[in-house]
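Me: I would like to go through this model by question and answer. Please keep it brisk.

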Amino acid sequence: ELLETIDQQQKDYQEKMESDLAAKAAQVEVLTKQRDQSNNELEQLRKQLRENQNQWIVPRGAVQLKRSEELGHGGWGYVVKGTFRRKTVAVKCIYSAIASEKNLDRVCREIETMALVRHPNLVLFIAAVLDNPERPLIVTELLDTDLCSAYEKKCLTDKNKL
């Protein structure tokens, strides 16, 4: 009788393990399908982005820099006033000292993100100059103020903060 109980427990345990394994296999199949679908969607977005890049990549000669009118600087570069298609713009110039393949990849990701984002509280991305990998430029709209000045003037309210 003890042997029958042990045999039954072993059978029950094995059935439970097989059932759990089947459930896990089904979960893996669902997750694999979801991953494949997400990868397909990501590839479609990347393809669309590559197709749209031609619209915002411009040659260096299309952007005129006014180096005497620096608007600011930071760890990655400096921002000056410039002209693009007869419009005054802000141009972010990346320091050549930090030029590397890894950093250029980061700059390109920033550009790709900026090209996709449109929001009234963010500066508008206009174009990018990528013909010299050591000196990429990012062209954006030029605002009539900066964040610190707007804050000091109390132009920022709870309503228009992000």
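**Cavity and aromatic pairs**

Reply: Helix 2 gives the largest share of the lining of the largest cavity, three residues. Helices (H or I, at least four residues) and strands (E, at least two) are DSSP runs, numbered from the N terminus. This is a predicted model: local features need pLDDT of at least 70, side-chain atom pairs count only at pLDDT 80 or more, and totals for chains, interfaces and linings use all residues. Residues are numbered from 1 along each chain as its sequence is written, and side-chain values use heavy atoms, with hydrogens and water left out.

Me: What is the volume of the largest cavity?
Reply: A cavity is a set of points on a 1 Å grid over the protein atoms alone where a 1.4 Å probe fits but cannot get out; lining residues have an atom within 4 Å of a point. The volume is the space filled by probe spheres set on the points. Among the lining residues are Ile94, Tyr95, Asn103 and Pro136. The largest cavity has a volume of about 40 Å³.

Me: Which kind of aromatic pair do Trp56 and Phe125 form?
Reply: Rings of Phe, Tyr and Trp (its six-membered ring) pair if their centres lie within 6.5 Å; planes under 30 degrees apart count as stacked, over 60 as edge-to-face and the rest as tilted. For Trp56 and Phe125, the centres are 5.4 Å apart and the planes make 80°, so the pair is edge-to-face.

Me: Why does this pair tie together parts that are apart in sequence?
Reply: Trp56 lies in helix 1 and Phe125 in strand 4. The pair therefore ties together parts whose separation in sequence is 69 residues.

Me: Is Phe125 buried or exposed?
Reply: Buried means under 20% relative accessible area, exposed over 50%, partly exposed in between (1.4 Å probe, protein chains only). Phe125 has a relative accessible area of 4%, so Phe125 is buried.

Me: Which kind of aromatic pair do Tyr78 and Tyr95 form?
Reply: Tyr78 lies in strand 2 (residues 77–84), and Tyr95 in the loop between strand 3 (87–94) and helix 2. Their centres are 5.9 Å apart, with 40° between the planes. The pair is tilted.

Me: Is Tyr95 buried, partly exposed or exposed?
Reply: Tyr78, its partner, is buried at 13%. Tyr95 has a relative accessible area of 27%. That makes Tyr95 partly exposed.

Conventions. 1 Å grid on protein atoms, 1.4 Å probe; cavity = no way out; pocket = protein on both sides within 12 Å on 5 of 7 lines; lining within 4 Å.
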